[in-house]
Amino acid sequence: MNETMIQYFHWYIEEGGKLWKQAEKEADYLAELGITSIWFPPAYKGAGGEHSVGYDTYDLFDLGEFDQKGTVATKYGTKDDYLSAIKAMKERNIKVIVDIVLNHKGGGDELETFKVVKVDEEDREKIISDEFDIQSYTKFNFPARNKKYSDFEWNFTCFSGVDYAEGMDSHIYKIKSEYGDGWEEMIDDEKGNYDYLMFNDIEHRNPHVREELNYWAKWYFDQTDFDGVRLDAVKHISYDFYKEWLTLLRSNTGKNIFAVGEYWAPGRLPLLQKYIDVTEGCMSLFDSSLHHNFHNASNEGSSYDLRRIFDSTLTKEDPLHSVTLVDNHDTQPLQDLEAPVESWFKPLAYALILLRQDGYPCIFYPDLYGAHYVDKDREGNDQEIFLDKVDGIEELMKARKHYAYGEQRDYFEDANCLGWVREGDEEHSGCAIVLSNKDAYEKPMEMGKKYIGKTFYDLLGRIEDKVTVDENGWGNFPVPAGNVSVWIAE
């Protein structure tokens with residue numbers, strides 16, 4: 001069966017502890033659509049309590065169990081709700097991918113005093129002050145948890161930098177550390193060194209920190225029996241850390257844990273390739289280069305040459321390490337990395353990731369369910385956003401589940417119309433896919449001799465007429481203007 005992932009949340013998912021219970025109820029529906037793995041949001045307590053999306057990690061050991069940050073439940077529900085949702089997925093052979101946020105911590109319990117220097121925010125290698133003392137919330141002792149599961153307490157030696165100093169303006173303050181004068185080594189020189197991202201930046205060179213994070217990973221696995229991990233913000237973390245962390249996780253659990261990292265570098269494929277190389281292929285990456293192409297294609301319309309859609313992408317150059325997506329929680333409207341794919345192009349984009357042989361496709365929650373939310377735009381004004389369910393998304397997912405198998409033949413000779421066929425295999429009949437970003441087209445393609453005389457219809461219902469495969473195994477498969485059609489045999 002073809003593997004298909006879903007990102008089962010977005011930045012503005014409804015509050016009130018409902019998501020885990022909703023996921024449990026939706027398990028049958030997801031399995032029917034062909035979902036084989038579900039990426040859940042960070043399940044531990046964030047500094048923002050019940051409002052936290054989860055990326056402002058406070059306590060990794062609190063999965064909605066302790067009264068911390070003003071709530072027992074997280075934004076998504078209680079620990080019991082979470083475990084019930086996981087159980088429902090596993091009963092339907094849907095693997096669970098958990099979101100791992102080990103770059104930073106927020107919401108410390110107590111102030112500490114320590115020495116820092118200021119660095120230039122645009123070049124973090126540039127020191128712009130003498131050494132001086134600040135106070136910041138770097139002490140984490142989790143009083144409500146009272147040392148259950150772990151007695152480790154975090155202090156300023158566990159962090160390499162902060163952006164908060166009591167009584168001072170927000171800035172990036174580099175902590176004077178016994179584990180190295182500089183930041184941790186990164187593979188790129190963006191902002192001089194992009195180790196620091198936000199909040200209290202974890203010092204992964206501290207052996208006590210590494211030991212605790214390795215211990216926590218095994219504890220988390222024992223609680224949930226997860227099958228995979230989505231690793232947040234890997235471009236801001238030493239690549240050596242995750243090589244060690246994943247090796248130990250797989251060894252300690254006896255399970256070949258799947259891993260996908262978020263190294264967001266739109267249009268910069270060499271960086272993705274370099275990261276895979278230095279981490280010795282221990283994880284896949286989201287194909288941010290392909291998303292960049294989708295975003296551009298959706299904005300340029302008919303002037304975009306569709307033959308270039310896979311140029312400079314991980315999916316083309318290293319498909320075994322590519323997780324493909326159309327949008328995610330960071331690129332959706334009103335987020336910092338906002339670069340949404342326009343709605344008219346989304347059916348085309350989903351056909352390109354779901355119905356081809358390369359890459360591991362990931363569906364985005366609002367594209368399956370829709371979304372409605374309000375947030376501030378870049379000018380500080382309230383903006384209301386409506387994201388519609390992608391037209392034909394369920395049919396495209398079912399087409400992947402039932403028909404997108406076997407030999408693939410591409411017909412990419414036209415700048416405005418792409419076509420390909422999947423010939424099928426012993427268990428599945430195949431399909432023919434045609435998409436256009438301009439006019440209506442009719443594309444001749446070879447389905448194969450086993451389909452001679454067979455009649456095909458458009459699964460998406462875009463076109464009412466049917467296509468009959470001729471005596472040579474070829475058919476003329478049409479598509480409406482600016483749309484996609486998926487043809488399957490009756």
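**Close-up views of the predicted model**

**View 1. C431 and its closest cysteine, C417.** The cysteine sulfur closest to that of C431 belongs to C417 and lies 15 Å away, which is too far for a bond. A disulfide would need the two sulfur atoms within 2.5 Å. In this predicted model, C431 has a relative accessibility of 0% and therefore counts as buried.

View 2. Of the 490 residues in the protein chain, 59% are buried.

**View 3. Helices and strands of the protein chain.** The chain contains 27 strands and 10 helices. Its radius of gyration is 24 Å, close to the 23 Å given by the globule rule for 490 residues, so the chain is as compact as a globular protein of that length. Along the principal axes, the C-alpha atoms fill a box of roughly 80 × 45 × 45 Å. Taking contacts between residues at least 6 apart in sequence, 69% join residues that are at least 24 apart.

**View 4. Surface and charged side chains.** The protein chain has an accessible surface of about 19,400 Å². Carbon and sulfur atoms account for 43% of that area. There are 93 negative and 53 positive side chains in the chain. The centres of these two sets are 3 Å apart.

Technical notes:
Residues numbered from 1 in each chain as written. Predicted model: local features only at pLDDT ≥ 70, side-chain atom pairs only at ≥ 80, totals over all residues. Heavy atoms only, no water. Helix = DSSP H or I, 4+ residues; strand = E, 2+ residues; numbered from the N terminus. Rg over C-alpha atoms; globule rule 2.2 N^0.38 Å. Buried < 20%, exposed > 50% of the residue type's maximum accessible area, 1.4 Å probe, protein only. Contact = heavy atoms within 4.5 Å. Areas by Shrake-Rupley, 256 points an atom, 1.4 Å probe, with all protein chains shown as cover. Lys, Arg positive; Asp, Glu negative; His and termini not counted. Charge placed at Lys NZ, Arg CZ, Asp CG, Glu CD.
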